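Me: Could you walk me through this one while I have it open? I will jump around a bit.
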Amino acid sequence: MSKSVKVLALSALLVAALAAGAAFGQCKKKTGLGRDALSEEIAAWDRDIRPDGVGLPPGKGSVKEGEVIFQEQCAACHGEFGEGRDRWPVLAGGHGSLKSEGPEKTIGSFWPFASTTFDYIRRAMPFGNAQSLTPDQTYALTAYLLQLNDLVKEDFVLSRENFATVRLPNEANFFDDDRETSEKHFWKKNPCMTNCKAAVKITGHARVIDVTPDSKDGPKVD
Amino acid sequence: MSDNTALDRRNFMRVAGLAGAGLAVPALAQERKPESVITEVQDWARNLGDGVQAHPYGKPSDYEKHVVRRDVEWLTAGRESSVNFTPLHELDGIITPSGLCFERHHSGVANIDPAKHRLMLNGLLDRQLVFTMDDIKRFPGRINKAYFLECAANSGMEWRGAQLNGCQFTHGMVHNVWYTGIPLKTLLDEAGVKANGKWILAEGADAAGMTRSIPIEKALKDCMVAWAMNGEALRPEQGYPLRLVVPGWEGNMWVKWLRRIEVGDQPWHHREETSKYTDLLADGRSRRFTWIMDAKSIVTNPSPQAPLKHKGPNVLTGIAWSGRGSVARVDVTTDGGKNWRTARLDGPVMPLSLARFYVDIDWNGQEMLIQSRVMDSSGYVQPTKDELRKVRGVNSIYHNNGIHTWLVRANGETENVEIS
């Protein structure tokens with residue numbers, strides 16, 4: 001077979017393959033499904049904030065303004081001073097409690113980044129009336145929460161411009177998952193199967209509440 | 001079967017006190033009265049039952065009304081941001097019925113008209129795109145996968161000791177479902193991820209606007225966007241009409257009511273990956289991005305809600321799973337960990353899916369301390385609770401995968417206990 005005949009034959013094969021592919025739409029890398037998002041649409045949904053401040057809207061708000069909003073819209077659950085009512089989240093205090101029996105994980109004692117507060121208020125608060133606050137109100141609330149945690153002064157005004165200057169004290173105490181090294185001993189070749197321990201003692205019984213149906217009547221064994 | 005296995009089995013039976021002869025003496029035939037359920041014609045054998053279409057959408061028997069999700073009221077401040085639990089002790093096999101999959105919502109169940117649902121892809125992409133549900137279902141390469149979903153806080157109440165009597169409450173924040181959808185990679189490829197796109201942010205359409213950061217490697221590896229579970233549309237409480245599936249990783253990342261995927265060059269550090277779902281250790285430092293669910297198993301029967309009722313033959317069963325691969329083996333002890341026997345796995349054993357195990361026992365009424373221990377395909381062996389506490393303390397809340405103990409008393413009553 002001459003070279004040109006070979007090329008022709010190959011081309012024919014290729015054309016056939018392409019035709020078959022096109023029929024089932026398998027050769028195209030892009031499906032063309034969906035449509036381009038409009039900038040107004042992206043602006044409406046892309047409201048997330050990062051620790052470096054990316055995503056923050058223009059605006060500002062003071063501790064004092066935040067206090068008014070907080071008492072009106074937040075204190076019913078979170079308490080007047082962010083101490084938390086019932087089992088709703090505690091937002092302030094808890095400093096130095098993380099190693100204790102009862103750690104209190106508040107914005108000031110635990111959270112690594114102030115941006116998380118702004119982002120979360122903006123997307124999910126107030127509970128039951130989400131996305132109802134203006135950017136200025138959100139800055140004000142964030143400022144008030146920082147003040148409740150003794151991180152800024154009472155005359156502080158938070159804005160997009162000075163946001164990055166606010167650092168939370170517990171930031172450095174977070175580290176990435178290292179279980180595969182720190183817990184390497186959980187990868188064991190041959191776990192013990194027989195005579196693994198001499199004695200077994202019951203050290204604790206389920207307590208607190210009676211959540212099991214009919215748990216007071218013991219079962220009947222036949 | 002090797003000689004060793006036979007020996008192990010004999011040994012197991014002996015330690016469990018199960019090898020004795022003549023346990024159950026069958027009543028003599030003449031002492032029994034005929035059972036009326038046999039000798040009398042029952043209503044259902046005489047009368048006509050419901051015709052077709054009496055229940056256009058079928059539901060379980062009236063006699064199964066106790067098989068429901070349950071919550072623990074004191075756990076949370078209100079039910080819109082709360083959790084309920086899968087009744088594991090009432091289930092078998094590996095698939096969780098859709099209506100029994102535990103729920104965890106942060107601002108209640110979003111009730112979404114699928115015609116009004118949109119999925120947006122934006123950020124570090126060649127194109128910023130919007131898809132309708134119809135668009136998503138027209139993509140080539142549809143897949144079906146069974147995956148477990150476990151809340152990272154499953155068993156979180158047990159860090160300081162035995163708390164709740166029932167595997168529904170101690171382990172019920174897990175379910176295993178068949179998902180239908182497309183790989184997330186398909187959508188990301190359609191939009192074209194830019195070279196500096198290293199993370200995605202998944203966002204829900206609910207009033208919590210749930211968000212999680214996920215590394216791009218995972219997003220491209222095996223994440224799915226799913227619109228169906230167990231062959232039908234997602235249930236509203238599981239994210240109808242669209243959810244993210246993040247195989248093997250903590251349930252909170254499987255964003256429900258999925259409306260947006262943003263691609264960025266760094267993680268967002270949002271609430272659910274900073275203030276929550278980080279693991280506080282004894283030294284006061286916190287481990288973050290602990291996405292993988294460590295291997296875990298639990299005996300579901302017997303358990304406090306499913307006590308033993310009969311001496312003699314009984315089926316001990318449970319479930320096991322691992323976020324690092326497949327279940328390789330499950331061992332069971334009935335003497336509190338002195339001696340173990342390898343359980344039988346039945347049904348498909350698939351990666352990142354629940355596996356079902358069984359041990360057929362012959363119970364003579366002796367007290368038992370039952371535990372199960374899973375090993376996964378990576379070689380990880382489920383640790384004891386004390387081994388876990390030793391490296392993590394008791395303040396972690398999340399990722400408690402320690403070996404769990406049930407005490408079965410002589411009367412069959414079963415209790416959640418901790419042992420030395």
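Predicted model: local features only at pLDDT ≥ 70, side-chain atom pairs only at ≥ 80, totals over all residues.

Me: Is Ile361(B) buried or exposed, and why?

Reply: Ile361(B) counts as buried because 22 other C-beta atoms lie within 10 Å, where the cut-off for a buried residue is 20 or more.

Me: And how far is Ile361(B) from Thr170(B)?

Reply: Their C-alpha atoms are separated by 24 Å, and the two residues are 191 residues apart along the chain.

Me: Back to the strand, then. What sheet does S20 of chain B sit in?

Reply: It belongs to an open sheet of four strands in chain B, with the order S15-S16-S20-S19 and antiparallel pairing. The edges are formed by strand S15 (296-301) and strand S19 (344-346) of chain B, each of which pairs on one side only. Averaged over the sheet and with direction ignored, neighbouring strands are turned by 35 degrees against each other.

Me: How many bridges join S19(B) to S20 of chain B?

Reply: Three bridges join S19(B) to strand S20, residues 355-363 of chain B, and the two run antiparallel. As one example of the pairing, Leu345(B) has Phe357(B) in S20(B) as its bridge partner.

Me: New topic: what does chain A look like overall?

Reply: Chain A has seven helices and five strands, and along the sequence they follow the pattern α-β-α-β-α-α-α-α-β-β-α-β. Of its 222 residues, 27% are buried. If one takes the contacts in chain A between residues at least 6 apart in sequence, 58% of them join residues at least 24 apart.

Me: OK, so how about H6(A), how long is it?

Reply: H6(A) has 14 residues and reaches 20 Å from its first C-alpha to its last, which is close to the 20 Å expected at 1.5 Å a residue. H6(A) is also mostly covered, since eleven of its 14 residues are buried, including Tyr139(A), Leu141(A), Tyr144(A) and Leu148(A).

Me: What do the buried residues of H6(A) pack against?

Reply: They pack against strand S2 (60-62), helix H3 (63-73), H5 and strand S3 (157-159) of chain A. After the helix comes Asp150(A), whose phi is positive, near 60 degrees.

Me: Last thing, the interface. How many residues of chain B are in contact with chain A?

Reply: On the chain B side there are 84 residues, in contact with 70 residues of chain A. Elements giving two or more residues to that side of chain B include helix H1 (3-15), strand S4 (129-132) and strand S21 (368-376) of chain B, while the largest share, five residues, comes from S23(B). By residue type, the side of chain B that touches chain A divides into 31 nonpolar, 33 polar and 20 charged.

Me: Which strand of chain A is joined to S4(B) by bridges?

Reply: That is strand S1 (residues 35-36) of chain A, joined to S4(B) by two bridges and running antiparallel to S4(B). Asp36(A), for instance, has Leu129(B) in S4(B) as its bridge partner.

Definitions and conventions
Residues numbered from 1 in each chain as written. Chains lettered and ligands numbered in written order. Pairing = 2+ DSSP bridges. Axes fitted to C-alpha atoms, helices over the stretch in contact; angles between N-to-C directions. Buried ≥ 20, exposed ≤ 12 C-beta atoms within 10 Å, placed from the backbone. Contact = placed C-beta atoms within 7 Å. Nonpolar A, V, L, I, M, F, W, Y, C, P; charged D, E, K, R; others polar. Expected span 1.5 Å × (residues − 1).
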